[in-house]
Protein chains: 2
Amino acid sequence: ADEAAAAAVRARQATLTKPPGSLGRLEDIAAWLASWQGRAMPRLDLVEVLVFAGNHGVVAQGVSPYPPAVTAQMVGNFAAGGAAINQLALLAGAALRVIPLSLEAPTGDFTTDVAMTPDAFEAAVMTGYDAVDPGADLLCLGEMGIGNTTAAAVLAAALFGGDGADWAGRGTGIDDAGLGRKRDAIDRGLARHRAVLDDPLAAAACLGGRELAAILGAVIAARVHHVPVLLDGFVCTAAAAPLARLVAGGLDHAMIAHASAEAGHRRLVEALGMVPLLDLGMRLGEASGAALAVPVVRAALACHAGMASFAEAGVTDRA
Amino acid sequence: ADEAAAAAVRARQATLTKPPGSLGRLEDIAAWLASWQGRAMPRLDLVEVLVFAGNHGVVAQGVSPYPPAVTAQMVGNFAAGGAAINQLALLAGAALRVIPLSLEAPTGDFTTDVAMTPDAFEAAVMTGYDAVDPGADLLCLGEMGIGNTTAAAVLAAALFGGDGADWAGRGTGIDDAGLGRKRDAIDRGLARHRAVLDDPLAAAACLGGRELAAILGAVIAARVHHVPVLLDGFVCTAAAAPLARLVAGGLDHAMIAHASAEAGHRRLVEALGMVPLLDLGMRLGEASGAALAVPVVRAALACHAGMASFAEAGVTDRA
């Protein structure tokens, strides 16, 4: 991170026509953009939304009320412009790209097998890595995949401890019996793969999913290319979390865009020591929360770039 | 409120390609817009931001670190486009109007006098009432006035109980000694005007301010003209609060756009039983938080209007 750029932002903010600190997190966002873009005056000309899609062997355990065919159907809906993320990306002035990962070949069921071989995991990570435009000014990440809140919950448990009862939520709306099956599947997955739980990447391969691996790759690419990142909700945050376990401050270039209503997200956010920007009861995924936070980031930059100083405006500063 | 329009929104939402309820408050916002606009498909073509400005006799008590001349200077800054609200209104696609109220004649100091006579109060209320465009689709309200967090705090105490220690915050950034003077001024105001504390309008006249009275008038006009309202932070919410004390559900056509970092706002929000949309540590006023929430309201409408149904998109709904 470019601390000089962040310091330049703070110095300018002290001159603008407002009481010090009165724009709250908008001031922090401007400094954060500057520090990762390496520019004292950040820009948001190219905002990208990447949505990765994958299918999950663990759906065989009855963990979702929707059939896995919905993953590909929703990819079609994204292409046709009919999903929530299409509307939200348009409003955010962001370019949307949807990247399906081998939907016809779901991951292995982690209750009985590994989700991905090392090769399959690496391929998915690299798909995500390569998808990031090095010239992007801000990157929003999200996912679509029937069954993937189960994969996210078991991965979160592997990374931060706890069990199915701690991390499983209702996802797209599973009933009580299904929630029981989901918790049980998570506990069986943790037991089966206990030998790799200390290794964040091995855990992501054995328990996660292709779209989660791609998000991890995209977060790593963003770090390399100095692109600030907005993470979406529970699945997206869990997908990125291995980087925080591997490297202290590994997610400092990312903000969590919103606090998901999915049960495990608050626990995960606390474990990461991060504070989401928005809290509006959303639990849709597909980068919807990340795209919704883009106007807040644009607002931070607009105030920073456009406001007059006390001297320019002829306003008396306090004594 | 038009319950049929809200029901039509809910019925359409159940068909859209997302798990039921997964857009959280965005779904509530669409129904709220519909119910107050009286249209099953709401619109946001004309979004207005009104900022009222006033000066306060109570600044003689040393309650602000800024001199009262700053109120008129900031009105000049609004006209020149240099304030935060200029940037935020532009980003929100909203029309900004700033209405100064007799800045050269501050209100009376409520520690020794009434802030406004009944005539002066009524004139300020009517200025706000008349400022509302009956054809607006959404109205954002805000204020500017050195000393007005003191007026807002004493008015909140009058309406909901408590004293200076409960309601006074640091406003634009008063130091400890100033905070003590502010609490004391509030307590003296409450004692002096105790005879009118049971009458919300008389309390607003004796303790409030012209810009607060204008906000109250604008909120009433919005109700009459079926215009949904976004309230800004502490001062704006306190200004509107007399309507909630006069009529049960009197602020149902309003949402609180953000939770201000000003100390009294959370207490006030709880007293009103409302939940702010955003919580970003802002405490600037001038409708900045209200304007920042406009993109969230636009997002709610964009999803509602633009998403495909399960049938249209060929996506399998859950069993």
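## Polar contacts and the salt bridge between the domains

Across the interface of domain 1 of chain A and domain 2 of chain A in this predicted model, five residue pairs, both at pLDDT 80 or more, are in polar contact, meaning a pair of N or O atoms within 3.5 Å, where within protein one must be able to donate a hydrogen and the other to accept it, and residues adjacent in sequence count only if both atoms are side-chain atoms. The side of domain 1 of chain A that touches domain 2 of chain A is made up of five nonpolar residues, one polar and two charged, with Ala, Val, Leu, Ile, Met, Phe, Trp, Tyr, Cys and Pro counted as nonpolar, Asp, Glu, Lys and Arg as charged, and the others, Gly among them, as polar.

One salt bridge is also found across this interface, the term requiring a side-chain nitrogen of Lys or Arg within 4 Å of a carboxyl oxygen of Asp or Glu. The side chains of A:Arg39 and A:Asp137 form a salt bridge at 3.7 Å, N to O.

## Buried area

Between domain 1 of chain A and domain 2 of chain A about 1,100 Å² is buried, 68% of it from carbon and sulfur atoms; this is the accessible area (1.4 Å probe) that two parts lose on being put together, summed over both. On the side of domain 1 of chain A, the most area is lost by A:Arg25, A:Trp32 and A:Trp36, which together account for 63% of what that side buries.

## Basis of the values

Local features need pLDDT of at least 70, side-chain atom pairs count only at pLDDT 80 or more, and totals for chains, interfaces and linings use all residues, while side-chain values use heavy atoms, leaving out hydrogens and water. Residues are numbered from 1 along each chain as its sequence is written, and chains are lettered from A and ligands numbered from 1 in the order in which they are written.
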